[in-house]
Amino acid sequence: MPSRQTTSGVDLLVPEGTGGPRQRIEGAIREAITSGRLTPRAALPSTRALARDLGVARSTVVDAYAQLSAEGWITGARGSGTTVADGSEHAPPPPPATSDVTSRRFDFTPGRPDVSAFPRSGWLGALRRALREAPGAVFDYGDVRGHPELRDQVAAYVGRVRGARVHPDHLVITAGFGEALSLAGRVLAATTRGAQLAMEDPCLAHHRAIAAATGLGLVPVTVDGEGARVEQLEGSGAAGILLTPAHQQPIGVSLSASRRGWVLDWARRTGALVVEDDYDSEFRFDRSPLGALQGRAPDVVAYVGTVSKTLAPGVRLGWIAMPPDLVDAAAAQKEATGGQHGVLDQLALTEMIRSGAYDRHVRRMRLRYRGRRDVLLQMLAERAPAVQVSGIEAGLQALVELPEGGPTPEEVTAAAAARDVSLHTVTEHHWHVEGGMPPSIIVGYGTPAEHVYREALQALLATFRDVGLVVA
Ligand SMILES: Cc1ncc(COP(=O)(O)O)c(C=O)c1O
């Protein structure tokens with residue numbers, strides 16, 4: 001999207017930069033209101049005119065206006081005559097751009113586990129035991145890579161369940177995948193001037209923002225039924241690629257065997273780094289899990305895991321296993337960006353893994369999520385046979401492709417909102433380059449609390465009925 005002033009009557013100065021076009025339009029309008037450039041009751045351009053000016057889809061502007069209207073900045077969205085709301089200069093600050101936290105009754109936001117299932121008593125018991133037994137030295141400043149016993153446990157765990165080949169000394173404990181990506185990006189940016197990181201297109205906009213903040217340029221690599229089209233890396237000059245080989249986010253395919261071989265060969269030939277995001281591999285339902293890419297090439301793959309799906313994202317714990325020659329650089333970056341992770345959570349997780357409580361929790365949740373997925377699939381097959389569901393072998397979400405001539409994804413999400421259901425389109429948040437994908441929504445079936453899941457599915461079905469997707 002070009003950075004330019006609009007010709008549609010008001011000066012919005014929609015910037016280039018990170019985040020999708022919708023977020024940038026929203027940000028520009030909020031900024032214009034808070035800075036006083038747009039005053040209460042000032043008219044905004046029509047969605048059609050603004051979309052034309054900015055060279056974006058009209059639905060992008062419609063969505064931005066709908067969000068701003070929901071936040072109280074503007075009134076009259078979705079029709080002619082949208083204006084800045086009275087009192088909007090005092091409107092509360094918007095939620096952070098990366099937050100998808102919803103207050104809707106039924107939440108199918110993708111990428112979330114059922115946080116109400118967090119194993120509170122297991123965690124408490126693990127922490128209590130660990131505190132009883134830990135020597136006083138653990139409360140001192142420790143190894144910047146993380147608590148050594150946690151690194152021992154994680155190295156053994158990822159070897160056992162994912163076939164990764166990890167030495168504990170090569171691990172850095174992080175605040176989830178997000179910090180691991182930031183570390184890997186900073187290592188690449190520090191070692192290769194002007195480095196570029198290739199990323200899947202689509203992928204999470206939030207991850208693009210983290211990578212861009214490390215100073216790396218971003219190179220999109222498209223995705224098809226065999227995963228990322230890694231052959232696009234040939235001649236790209238990229239110093240690395242971020243991949244979700246086990247379960248592409250958001251399309252749900254896994255990287256084919258031939259592409260796995262190709263990308264490892266490319267990394268060896270060019271000295272590039274493959275960053276493997278293994279974010280939801282514990283939840284594979286139908287076939288036995290594909291081993292981690294890292295297990296085949298620990299010298300060129302940085303392997304990243306997280307407890308955000310297995311336990312809860314709020315725990316903020318993850319790990320990155322670096323190729324041996326990059327461990328010191330990663331530790332130095334960790335030090336430079338604030339140092340070691342808090343030891344209490346590390347002690348509790350160490351004890352959870354050591355005692356087997358972590359595996360038991362994962363097994364219990366895998367069964368539960370598989371049950372949820374099966375009920376969802378059965379319901380859609382029986383009641384909404386025109387939609388096509390994919391990406392369901394693993395993870396906590398299903399990609400639902402809408403039939404040709406049916407409702408648009410935006411119509412479905414709007415109908416969902418009217419029923420207090422939070423649903424997301426696949427175009428939101430995901431694209432480097434917009435388009436290129438059949439109209440789809442993503443149903444995050446892991447998110448609702450267990451006791452409301454059936455009710456949430458009924459609300460989803462009612463939504464589908466509202467937009468004509470349900471057969472009698
Ligand atoms: C592709 C992908 N990677 C990683 C994560 C987990 O990130 P974090 O560990 O920073 O919570 C998610 C969560 O939604 C994700 O979708």
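Which polar side-chain atom lies 2.6 Å from a nitrogen atom of the ligand? I looked it up in this predicted model. The atom belongs to Asp 277.

**Entry 1: ligand contacts**

I went on to the oxygen atoms of the ligand. A polar side-chain atom of Ser 308 is 2.6 Å from one oxygen atom. For Phe 177, I found a polar backbone atom 2.6 Å from an oxygen atom of the ligand. I then checked how much of the ligand is covered. The ligand taken alone exposes 400 Å², and the protein buries 89% of that.

**Entry 2: the shell**

I listed the residues around the ligand and got 13. Those that come nearest are Phe 177, Asp 277, Thr 306, Ser 308 and Lys 309. By type, I noted seven polar, three charged and three nonpolar residues in the shell. Helix H6, residues 176-191, supplies the largest share, with three residues.

**Entry 3: helix H3**

I moved to helix H3, which runs over residues 58-70.

Next I asked which residues of H3 are buried. They are Thr 60, Val 61, Val 62, Asp 63, Ala 64, Tyr 65 and Leu 68. I traced what these buried residues pack against: helix H1 (21-34), helix H2 (47-54), strand E1 (74-75) and helix H12 (409-418).

Last, I looked past the end of the helix. Gly 72 follows H3, and its phi is positive, near 90°.

Methods: Residues are numbered from 1 along each chain as its sequence is written. This is a predicted model: local features need pLDDT of at least 70, side-chain atom pairs count only at pLDDT 80 or more; totals for chains, interfaces and linings use all residues. Side-chain values use heavy atoms; hydrogens and water are left out. A residue is near a molecule or strand if one of its heavy atoms lies within 4 Å of it. A polar contact is a pair of N or O atoms within 3.5 Å; within protein, one must be able to donate a hydrogen and the other to accept it, and residues adjacent in sequence count only if both atoms are side-chain atoms. Accessible areas come from the Shrake-Rupley method with a 1.4 Å probe; for residues, only the protein chains shown count as cover. Helices (H or I, at least four residues) and strands (E, at least two) are DSSP runs, numbered from the N terminus. Ala, Val, Leu, Ile, Met, Phe, Trp, Tyr, Cys and Pro count as nonpolar, Asp, Glu, Lys and Arg as charged, and the others, Gly among them, as polar. The expected span of a helix is 1.5 Å times one less than its number of residues. Buried means under 20% relative accessible area, exposed over 50%, partly exposed in between (1.4 Å probe, protein chains only). Contact means heavy atoms within 4.5 Å.
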